[in-house]
Amino acid sequence: MHGDEAPLREDIAALLVMLARHDARSEALYDPMAGTGTIAIEAASLARARSLWMSGREPLGARVPALAQAFAGKAPPLFADTRPFVLANELDAARAELCVRHCKRAEVDPYVESVTGDFQALSPEQVFERVRARGLDPSR
C-alpha cells in the first residue's frame, strides 16, 4: 500500500458527498469505512469551499485559456464560519494512518477525526458525543 493513489477518484468522492446533500453548516458526516480518506477529504474541502483536492494534479479547466483566470485564485467560502466535522472510521490501521496523513496533506485535518476500529463497535451514542463536542446537533 503506497498511499499515492486513492482507490476512489477525488471527483467521484466529491460527487457522492454532493448527492448525499450533506450540509456541513449543521451536519456531521460519518464515513464508517473511510479507507485512506478520499470521501472525508472531499467533504471537508467542499464545506470550506476549496476546490477538489486532486493529489497535486491540475484541474483540466485550468488549461483552457478562457477559464485560466477563474482557477488562478481561491474562492472565499460561501459560509466562511462553517466548521465541518467528518468522522472517518477505518478498520485497517495502516489505511487509517494514511487517512490521517492524507488529511494533513490536504489541509483538512482540523475538520476530520480519524477513528481506527470496526464501525460496528462504535455505538451511535459514541458518534453523537463526538458530534456534540464539535458543536453540531447529532440529530441531523
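Leu16 counts as partly exposed, at 42% relative accessibility (buried means under 20% relative accessible area, exposed over 50%, partly exposed in between, with a 1.4 Å probe and protein chains only). Welcome to a predicted model, where local features need pLDDT of at least 70, side-chain atom pairs count only at pLDDT 80 or more, and totals for chains, interfaces and linings use all residues. Residues are numbered from 1 along each chain as its sequence is written, and side-chain values use heavy atoms, leaving out hydrogens and water.

**Around Leu16**
- Leu16 sits in helix α1 (helices are DSSP runs of H or I with at least four residues, strands are runs of E with at least two, numbered from the N terminus).

**Salt bridges**
- The count comes to 7 salt bridges (a side-chain nitrogen of Lys or Arg within 4 Å of a carboxyl oxygen of Asp or Glu).
- One of them joins Asp23 and Arg25, at 2.9 Å from N to O, and Arg25 is partly exposed at 45%.
- Asp92 and Arg95 pair at 3.9 Å, N to O.
- Glu113 bridges to Arg134, with the closest N and O atoms 4.0 Å apart.
- Glu113 is in strand β3 (residues 112-116) and Arg134 in the segment after α5 (124-133), so this pair ties together parts 21 residues apart in sequence.
- Shared partners join Glu113, Arg130 and Arg134 into one network of salt bridges.

**A buried charge**
- Asp31 belongs to strand β1 (residues 29-31).
- Asp31 is buried but has no salt bridge; the nearest side chain of opposite charge, Arg95, is 12 Å away (Lys and Arg count as positive, Asp and Glu as negative; His and chain ends are not counted).
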